[in-house]
Amino acid sequence: MIDMMPISFLFFAGALLIAALPKGSSGAAISLFIPIIAGWQVYQLPAGTFAEIELMGQTLEMMRVDKLSRVFALIFCIAAFLGNLYAWHVRDKVQQLAALFYSGSALGAVFAGDLITLFFYWEGTAIASVFLIWARGTIGAYHTGLRYLIIQIMSGVILLAGAAMLWRETGSIAFDLMTLNSLGTWLIFLSFGMKCAFPLLHNWLQDSYPAATVTGTVILSAFTTKLAVYALARGFAGTEILIYIGAIMTLFPIFFAEIENDLRRVLAYSLNNQLGFMVVGVGIGTEMALNGTASHAFAHILYKALLFMSVGAVLFRTGTSKASELGGLCRTMPMTAFFCLIGAASISAFPLFSGFVTKSLIIDASAKKHMVLIWAVLVFASAGVLSHSGIKIPYFTFFGHDSGKRPKEAPFHMLLAMGLTAFLCIAIGVFPDPLYALLPYEVDYKPYTPNHVVGQMQLLCFALLAFVVLMKSGLHPPEIRSVNLDTDWTYRKAAPSIMLSLGRGLGELLRSFESALTSLTKDSLTWLERTLGPEGGISAGRPLGIMALWIVILLALALIVGYI
Amino acid sequence: MMFDTPTAIALSMLLPAAGVIANLLLRHSANLRDSITFAVTFATFLSVLNILANVGNGTSETYTLVTILPGLSLSFNVEPLGLLFAILASGLWMVTHIYGIGYMRGNKEKNHARFFACFSFAIFSVMGIAFSANMFTLFLFYEALTVSTYPLVAHKGTSEAIRGARTYLGILFTTSIGIQMVAIIWTFAITGTLDFTQGGILEGKVSTTLATILLALYAFGIGKAALMPFHRWLPAAMVAPTPVSALLHAVAVVKAGVFTMLKVGIYIFGIDFLAETGASEWLMWLAAFSIVAASVVAMTKDNLKARLAYSTISQLSYITLGVALANSMGVMGGSLHMVTHAVGKITLFMCAGSIYVVTHKTEISQMTGLGRRMPITFIAFLIGSLSIIGLPPFGGSWSKWLLLVSSADADELMMIGVLLVSSLLNVAYLLPLVAKGFFLRSEADEFAGVKEGSSFVWFPPALTAFGCVVLFFYAGYVQSFLEPLIGAG
Amino acid sequence: MKEETSKVPENLPITGRFFAWFTDPAHAKYIIGFLVILCVGLFLADFTYKKYGHFEAETYKGFYGAYGFIMFTALILAAKTLRSFINRPEDYYGSKAIDSEEYPEAQLEKLEHSHD
């Protein structure tokens, strides 16, 4: 019985309404309105399980509300609102619909109480989000979108397979804490890992996010990967291997980000690195660490969106997001530059900005457990974050070498979206308590101690100093037009050629077999016709003749068999 | 007005037969002929529903028409799987008939009367197959179906069409008469009966080796199931006008094949017997090969209908796989897939046809940018594709789920892998059309001013696309309807 | 135009002129000077409170500063080395791949800053 409508349906209803209405600002208004109502609803929802439905003999829990799901749902609503505000100028219905279906699916997945519901919404995010890439309308985006979709759907079907195995093993499809002790759970783990961009499974992220539309990337950045973090936190909290996976995730993207030219791809690498922190938090699995993961996801969605927004605004005005083509834009896009700096400060975790009060929960949790190596890696990665997101993005876009470009300031709605996001980044940094209150467990942590503030400032300022030294000495790698190989090489270069030759070879093989078979049947048919069948006749008549003949043979055979 | 079950069975077969005659008699008055045929499709559907109302998901007694030998008779009965097949075929016949009128007129095809007469005859055969009470009856109607569809495949009368039709006929006849009939006679010789019996008729009467051989004879003999390597007839049949491809080669003919496969698996061998002897293990691997290989070939096809044909070959093997996995979930998954795939694939074929009617384009690479001009058709195509890939909220996701569960039950991890890979291949060959259609522009923008065809052409695929959604929510009913198959009823 | 930017006022918004001040090479020495003073100050600040931590290293004076400086430098140099292995021309995946194609103009609002 449905006691209460799942919140995701609100988004779907809104999407259908947009589809029905004529093209215009009404669509954009609806996409703003829906997340507000949904966010309000989420905030007020009591804990518990609602909206159970029966499908295929399974009881599906559409709404499992607790503190963990609520905090993720809340930030998803906020992100949907801000992203849609940023996209106010978009009149393309496809993108409006996709954004609502996508954020609605992400919300639905967060509230899923069982693995089948999770699968539905999991695939929902995959299908809806690809339209934000395809909407760019270029051949490159088409190919990238297809690659993205295949990987996302792969993650979904692996989840389904895992769920099937788990169900037959345990008799339950509930989505609760799991241990990695069977193939089923490993498959589910793998599925989450693909969406979470685990090392070696990560490259869809850097491939696809820069390929989406200006506004699409902002929306994409919020949901898919954080949904995966939520799923890991729900299903695999305290799974030790996640600590190491997460640590590697914080590390390797910073090297790639440093030498990447497309700033939206730099941000995608940076996103990957931030996910690493959250995954480590899930892996440690203590209350403090899980609080850290949830709060870091919350803060991260905001500042990452802010950074994507500012780079998107530059792309919107100049037609490029490549560092080698940009520089010096602070003169005519000062507001965008200002918001970008706030995003940069937040992701770099400067005191008074949001990253500072959330990331430290995770790093401290690792220190509390005396994991010295992990701790050292996380601190190093924090310095690395500064290098690409804190320095590279604002410096090479808005400051640094003057590109001579004098674009107009971003349009008002974009500035408004950035302003609100920037406000939230600072608000969380200055007053962390309301966010802490939303977290799944009681927070007993004071971020603003001299120890912590000075330590963090030292780390960042000396790193800045190192940057200055490297720039002055000419050791810092210059921005050049280029691409860097990553694991996508395997499926963008190697696999297509293998697949193509495989497909051709198989086709050839089948064809020769087929023609042999066809000629054999044709010969035998002709022979039969000539010896036994009625001569001539039109094409329609001939088979009837053969048919009659065969029926006679069949009956004769049946008679013989019957009397033996 | 309700009839008793034997009358309703007779009606559901006689009505299409009457449709044949009506079409031939009224070949010169198009509107009257098409309206009467529509009335016939509707009445046929009603009589099938009549049977449903009478029998539910139980099994009726057997009605024998003629007895040829002891144990060999022309007889009919109703059981859940057959009834489901009959509902599916007669329901989709109505939709396709509307579509067929739009297509044949829109395309200015010739010989409408012969076309619709053969169509009705094919449905007559399908009804016979669906209600067959034994393998002998089924076989006769199976052959009748081949014969009646031959003129449909050859309809265009071009040399290419004739060649395609000959391949069609050649492979289907050779397999059915040369292989399947041997299996049937052999079975009859061993057991003295051909009746479809719950639990099978072969258990305890044949050794494992013999069971394996017999299964091979059936599996290859049922050429309509398009198990590789006897699949070539299906792409060859794509020369037919699209309504034929839609109903016959996505629903009636190919589903008659896998339906026969299911019947043989469930009622001749018996699922438990298959599971105990392991006789179907090789079939599972062959089906898996078919699934993947046909998908790979589909990717290389630029012709839309050819691509859909290979996709069908791949999807049919899902059902064969369901039988070969030899457990209750496999049977369920296979049977449900028969329904979900039918609804999804008929949508795709009708969309292909509606594109052809409007633009006369057959190659996918020529359809770039067309989606914006024909949004309903392309959205229907998208929905059909998603259902076939097995994504929510469309029916196909449930049959894939059951097959996954079945593979898990049988502890066949490789089959899980095959199903996963197949989903991804489906994405790779079905969705490019949609993406290119909506999001890319052709160089010359040649589709400026192109609009959707008449409502006869776009409405039916939209309806079946909606059916994909409905199936998602009501698949549970289909499942419980089929429960007697696995002995739970 | 490029050479003149620092000299000719371009009718920039006030915030823009504020930011532009930082980009002037002539002002770099002030910025660097400020940063150096800040760093020294932060190092000295370590002597003003009791340092504690879960690891011994954390209690060393100026540990975070040194760690930040060294690791940042190492990161940049390592990334530079990495680039020499994996760098490819922009059209490596084809001229129509996402990496090298232009963003479609129709979806943009490319406007110049107006000088009024």
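Two residues are taken to be in contact if their C-beta atoms, placed from the backbone, lie within 7 Å. The model is predicted, so local features need pLDDT of at least 70 and side-chain atom pairs count only at pLDDT 80 or more, while totals for chains, interfaces and linings use all residues. Residues are numbered from 1 along each chain as its sequence is written, and chains are lettered from A, with ligands numbered from 1, in the order in which they are written.

Begin by selecting A:Ala463, which lies in helix H18 (residues 450-473) of chain A; helices here are DSSP runs of H or I with at least four residues, numbered from the N terminus. Setting aside neighbours within four places in sequence, A:Ala463 is in contact with A:Ala383 and A:Leu386, and also with C:Gly68, C:Phe69 and C:Phe72 of chain C. A:Ala463 counts as buried because it has 29 C-beta neighbours inside 10 Å, the cut-off for buried being 20 or more other C-beta atoms within 10 Å of its own.

Next, colour helix H3 (residues 67-86) and helix H4 (residues 93-111) of chain A, which pack at an angle of about 175° with their axes 9 Å apart, each axis being a line fitted to C-alpha atoms over the stretch in contact, and the angle running from 0 to 180 degrees between N-to-C directions. H3(A) is therefore roughly antiparallel to H4(A), a label used for angles over 145 degrees. Side chains to show include A:Phe72 and A:Phe76 from H3(A), with A:Leu107 and A:Phe111 among those they meet in H4(A). By class, this contact has nine nonpolar, four polar and no charged residues; Ala, Val, Leu, Ile, Met, Phe, Trp, Tyr, Cys and Pro count as nonpolar, Asp, Glu, Lys and Arg as charged, and the others, Gly among them, as polar. Staying on H3(A), note that 17 of its 20 residues are buried, so this helix is largely enclosed by the rest of the structure.

Technical notes: Helices (H or I, at least four residues) and strands (E, at least two) are DSSP runs, numbered from the N terminus. A residue is buried if 20 or more other C-beta atoms lie within 10 Å of its own, exposed if 12 or fewer, and partly exposed in between; C-beta atoms are placed from the backbone. Angles under 35 degrees count as roughly parallel, over 145 as roughly antiparallel, 65 to 115 as roughly perpendicular and the rest as oblique.
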